[in-house]
Amino acid sequence: MLKLRPDSASRPQPPLAQFRCAGPLESAYVKEKHSLWERAGRQRRVPLCWLVAGIASIVSVLAASHWARADNLPQQLGLHSGRDIYQAACAACHGANGEGTPETTTGFVPPDTFPHFNRCDETTPEYTRDWTAVVRDGGPARGFSQIMPAFSGVLTRDQINQVVTYLRGLCAEKDWPRGELNVPRALLTEKAFPESETVLTTTVNTKGPATVSNELVYEKILGKRDQLEVAVPFGWSHQNSGALSGGLGDIAVGIKHVLFSRLHTDDGKPIYDSTGSILSFQGEVVLPTGSVDKGLGTGETSFGVFGAYDQLFPAQTFMQIQAGANLPLHTQNVPRSAFFRSAFGKSFSGSQELGRLWSPMVEVVADRELRSGATTDWDVIPELQVTVNRRQHIRAALGYRIPINDTTGRPRQVMAYFLWDWFDGGLLEGW
Ligand code: HEC
């Protein structure tokens, strides 16, 4: 049995924390919330003093709006910092230090994706804009649980930014690369940011020899600054006989290490609008698993090395640079080669910067064999990446690769990828 009421409804400035549990369940808001959970089929508990402060604090905010204007309510209640707002409106569910409140107190079963804001490994890869959207619009707006309420009517945009900035500070270890530096993935240029994702890229020749090549890339964050990467190419090509023949290409296994990362956060500016940079190095081994006869492999074990540098400019504009070399163990049949890739782009989104993300980019890439007399082949790739689902962890990109010099025998290609950032949830979640 629960009654949520301010200590004194007539007092003009009641602190949010002073709501207490007593008497029968009366709050219409809590009843509505309760039936929502029932509809969602969640495990129900006798509402002892559940959500003692969690719902209570929201209810208090809503109840208090009877005697105070909603737009500056938290200020009227003496909540001036992100920390104050967090302790009053969030801590009951998310815990005093972001660790999460036990189920026995909150009365709800936390979803698998329930965040622990004090755990750097769970939180630093996240985008601030995603958190801001969840706080403003509630869990369901981003394909998360409806237990997470929307605060758009209660907190101003600045206050939401303040509380999200506070959440960002709950990870005490500062050397984790911050999610903002995870710029949109380009079709060819590899990012510096370590990720946990799976990407399937398909390339089809529109001119020149008919081939379809694919690459399935699996990436997994290992600790603070490292990432495992496995790339499995496969494809089909027209043989001299005229038949279409397919198979596996040369599989690559690599480790990426972040050498440097910095995000500049300006006071008063939303964090998702901040600037910064990140530099990584990757080493990989390419195994001769592909068939040479079918044109799917080199028949040689090679070592790959590259550096990747990403720069974030204001207003979600970014630049990515990657440069490296492919060094075969034996160079009789396969020459050493070097490559340079770069991508420039900007992200756009509606709903005050928190909606679906559209990221047009242009890539300029160059390849050159490391032998005398070789030419450098330059290509340009205009492309667009878009977030596909509500949670924005499924993304797709489409582009067109156009050779700009030495064009004889070099095909134009349509390239597309499908990306699943499985760190943020299952393939079928968040739609
Ligand atoms: C009634 C309990 C409750 C209250 C109060 C609450 N939250 Fe949540 N919040 C949740 C739950 C449950 C989830 C997990 C949703 C999921 O993973 O499906 C969540 C998720 C989140 C997320 C994570 C989204 C992600 O990307 O993983 C953020 C950020 C967040 N809450 C911030 C806040 C802030 C800030 C406040 C206070 C202004 C707040 N929450 C108040 C229950 C609550």
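The buried residues of helix 9 pack against helix 3 (73–76), helix 4 (82–89) and helix 8. Helices here are DSSP runs of H or I with at least four residues, numbered from the N terminus. This is a predicted model, in which local features need pLDDT of at least 70, side-chain atom pairs count only at pLDDT 80 or more, and totals for chains, interfaces and linings use all residues. Residues are numbered from 1 along each chain as its sequence is written.

Among the buried residues of helix 9 are Ile160, Val163 and Val164; buried means that 20 or more other C-beta atoms, placed from the backbone, lie within 10 Å of the residue's own. The end C-alpha atoms of helix 9 (residues 157–168) are 16 Å apart, which agrees with the 16 Å that its 12 residues should span at 1.5 Å a residue. That expected span is 1.5 Å times one less than the number of residues.

Ile160, Val163 and Val164 are also among the members of the largest nonpolar core that touch the most other members. A nonpolar core is a set of buried Ala, Val, Leu, Ile, Met, Phe, Trp, Tyr and Cys residues joined through C-beta atoms within 7 Å.
Another core lies apart from it, with Ala252 and Leu419 among its residues.

| Core | Residues | Members include |
|---|---|---|
| Largest | 27 residues | Ile85, Val134, Val135 |
| Another | 15 residues | Val286, Ala397 |

The ligand is surrounded by 27 residues, of which Cys90, Cys93, Thr113, Ser145 and Met148 are the closest. Helix 8 gives the most to this shell, with 4 residues.

Technical notes. A residue is near a molecule or strand if its C-beta atom, placed from the backbone, lies within 6 Å of it. Helices (H or I, at least four residues) and strands (E, at least two) are DSSP runs, numbered from the N terminus. A residue is buried if 20 or more other C-beta atoms lie within 10 Å of its own, exposed if 12 or fewer, and partly exposed in between; C-beta atoms are placed from the backbone. Two residues are in contact if their C-beta atoms, placed from the backbone, lie within 7 Å.
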